[in-house]
Amino acid sequence: MSTSKNLFISQLGAATRTLNAEIRKQIIEVNAVDTGRMRNVTKVKVGYIFSRDVFTIKSVNTTDYYIFVDEGTIYIKARKITDKTLERPKVQAALDKLYDKWIDYMIDQQFE
C-alpha cells in the first residue's frame, strides 16, 4: 500500500474522531434535552469507497431522539446539531486536512 494511501486512511480516522468530539460538544451547546444519553451514543464513521472514489458517512449510531432534536418536529424546535457541527472550525480544519491527503493520494494513483 502506498504511503499516500496510508496517510489518507489515517486522516479518515482523525476526521472521524474530530467529528465525533465536536458533535458531542454541539449537543451540549444547544442544550438538548437528554444530553447525556445523546452525547454518549451519537457516533459517526467517515469512510471512503476506493473502488468508486466516494466519501461516505458509513454509519451514524444515535438515538431516534437525536433525529427529532436535530431536524425538529411540530413539538420540538430544530436544533440543527449536525449542520452546526459541520460548520465548527475544528471540523472544517479536519476535513481540509482530509481533502489534502485525498488529493495527494489521487495524484499518486495517476503515477502508479
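The largest pocket has a volume of about 200 Å³. The model is predicted, with local features requiring pLDDT of at least 70 and side-chain atom pairs pLDDT 80 or more, while totals for chains, interfaces and linings use all residues. Residues are numbered from 1 along each chain as its sequence is written, and side-chain values use heavy atoms, without hydrogens and water. A pocket is an open set of points on a 1 Å grid over the protein atoms alone, where a 1.4 Å probe fits, with protein on both sides within 12 Å along at least five of seven lines; lining residues have an atom within 4 Å of a point. Volume is the space filled by probe spheres set on the points.

Thirteen residues line the largest pocket, and Ile23, Val44, Val60, Tyr66 and Thr82 lie nearest its centre. At least two lining residues come from each of α1 (3-29), β2 (54-61), α3 and α4 (81-87). Helices (H or I, at least four residues) and strands (E, at least two) are DSSP runs. Helix α3 supplies the largest share, 4 residues. The lining comprises 8 nonpolar, 3 polar and 2 charged residues.

In α3 (residues 64-71), Tyr66, Val69 and Asp70 are buried (under 20% relative accessible area, 1.4 Å probe, protein chains only). These residues lie on the same side of α3, because they cover an arc of only 100° around the axis.

Val46, Ile57, Leu95, Leu98 and Tyr99 are the closest to its centre among 13 lining residues. Helix α5 gives the most to this lining, 5 residues. The lining of the second largest pocket has 11 nonpolar, 2 polar and no charged residues.

Definitions and conventions: Buried means under 20% relative accessible area, exposed over 50%, partly exposed in between (1.4 Å probe, protein chains only). The arc is that of the directions from the helix axis to the C-beta atoms. Ala, Val, Leu, Ile, Met, Phe, Trp, Tyr, Cys and Pro count as nonpolar, Asp, Glu, Lys and Arg as charged, and the others, Gly among them, as polar.
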